Amino acid sequence: MPAPSLPLTLARAHLRRRRTQNLSTVLGIAVGVMVLIAALSLTNGFTGALIDATLRASPHLSLTRFSPGGQDPQMAQALRGNPEVTAFMPFLADKGLLTRPASQGRSAGLDFATLFGVTSQAGQVLALPPDETDLLSHLQPDEVMLGSALAQSLGAYQGQELRVLVGSTQRRSTFKVAGVFRSGNYLIDSAYAFVPLATLQGLQGRQDITGYQVRLRNPDLAPQVGDQLSRTLPYSSLPWQNLYGSLLDQLKLQKQVIAFVVFLIVIVAAFGIANVLTLTVFEKTQEIAILRAMGASRPHIIWAFVWQGLALGAAGLLLGNLLGLGISLYFTWRPFQIPGDLYFITSLPVQVRLGDLLWVNALGIGTTLLAALLPARRAAGIEPARIIR
């Protein structure tokens, strides 16, 4: 590698010229990086908010028995002894047809729902708001707690009686609406209903449970904890990542597509660097030939243009990072409002991740370097004798 004094001197001299073009190039890179950081941060925020909303009314891990049976002391002991488990409860799941009888001036309401029989530990396993958690933890026999969208579909309100037809046994019963819950995820709020475990067991005519629902300290470890617990006991493990796998895949693909499309802006801006350096090569052809004749080597010439391109790219990246973080901070202060009925959440939060910043800047520097190398090699290929002659 050549001594940096001559290349740096040439790079500084070239940067002092074409200041308007240099400034426009820096701004182009800055805008691309700014949009990329802001788009990724908003996408991260949307993904995180949607997952949080989904996990409010869903456990981190479900353990389902292979064969019907009652509560399992061995599994309960294993759950208590696992340091990652913060709460668990036995549960029973079934399908049900919910009907609100017609009244004066109102037609009947009808909808299907997934019935979950839960115990008083449900408030610890799920992460509903405090008032809804208290209501869920104190459900009385023959009471039902509906998702907000399900209650709206039925036209049911607190204190009203509903008729329930349990799918597995075709038994009928009457429940009183104890209240509604709002997870923020429409798919859950429109399909889930909670009833006391003993009540649903009575409708099925047996004391069986479907399995156990578990809440963990770190939801990301649900697959590992599930494998560990089901390795020696007759249960199948269903972590939340598997339950909502298609949703997570769609969100991941969405982020990749947005990042690719926006990154094209950075590539276009990098061509601005190549354009500036190419013009500099044409302007400085005689100067480069004289330097080569005086003993400057090809690496000296290459590094002079590489340093110039890296300086423009670094300035653009620095400004783009500041602008991108500034926009993210603004949307943190004033979140972007979106229709909750369509996207499950009412505002778009922002989540800036260090990993995203690192790869955005790495790709920016790499693109800038490639854009600078092409004119740099052209400059290094100038033949002094031919130009001077």
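**Close-up views of a predicted model**

**View 1. Helix α8 is mostly covered, with 6 of its 8 residues buried.** The structure shown here and in the following views is a predicted model. The buried residues of α8 are L197, T199, L200, Q201, L203 and Q204. Several strands take part in covering these residues, among them β2 (85-100), β3 (109-118) and β5 (161-166). The strands β6 (172-181) and β7 (192-196) also belong to this cover. Directly after the helix comes G205, whose phi is positive, near 75°.

**View 2. D208 lies in the loop between α8 (197-204) and β8 (211-216).** Is D208 buried or exposed? D208 has a relative accessible area of 18%, and residues under 20% count as buried, so D208 is buried. Leaving aside residues up to four places away in sequence, D208 touches P68, G69, G70, L92 and Q201. One of these, Q201, is itself among the buried residues of α8. Between D208 and A198 there are 9.9 Å in space, C-alpha to C-alpha, and the two are 10 residues apart in sequence.

**View 3. Helix α2 (residues 19-56) crosses helix α13 (residues 298-333).** Two packed helices are described by the distance between their axes and the angle between those axes. Here the axes of α2 and α13 come within 7 Å and cross at roughly 40°. The crossing in which α2 passes α13 is right-handed. Which classes of residue form the contact of α2 with α13? In this contact there are 17 nonpolar and 8 polar residues, and no charged ones.

**View 4. The largest pocket holds about 310 Å³ of space.** Its lining consists of 17 residues, and those nearest the centre of the pocket are N44, T47, K252, K255 and R353. The elements giving two or more residues to this lining are α2, α11 (245-283) and α15 (354-380). Which element supplies the largest share of the lining? That share, 7 residues, comes from α2. By class, the lining of the largest pocket divides into 6 nonpolar, 6 polar and 5 charged residues.

View 5. Of the 389 residues in the protein, 48% are buried. How many of the contacts between residues at least 6 apart in sequence join residues at least 24 apart? Among these contacts, the share is 79%.

Terms used
Residues are numbered from 1 along each chain as its sequence is written. This is a predicted model: local features need pLDDT of at least 70, side-chain atom pairs count only at pLDDT 80 or more; totals for chains, interfaces and linings use all residues. Side-chain values use heavy atoms; hydrogens and water are left out. Axes are lines fitted to C-alpha atoms, for helices over the stretch in contact, and angles run from 0 to 180 degrees between N-to-C directions. Helices (H or I, at least four residues) and strands (E, at least two) are DSSP runs, numbered from the N terminus. A crossing is left-handed if the near helix is turned anticlockwise from the far one by less than a right angle, and right-handed if clockwise. Ala, Val, Leu, Ile, Met, Phe, Trp, Tyr, Cys and Pro count as nonpolar, Asp, Glu, Lys and Arg as charged, and the others, Gly among them, as polar. On a 1 Å grid over the protein atoms alone, a cavity is a set of points where a 1.4 Å probe fits but cannot get out, and a pocket is an open set with protein on both sides within 12 Å along at least five of seven lines; lining residues have an atom within 4 Å of a point. Grid points are joined across faces, edges and corners, and a volume is the space filled by probe spheres set on the points. Buried means under 20% relative accessible area, exposed over 50%, partly exposed in between (1.4 Å probe, protein chains only). Contact means heavy atoms within 4.5 Å.
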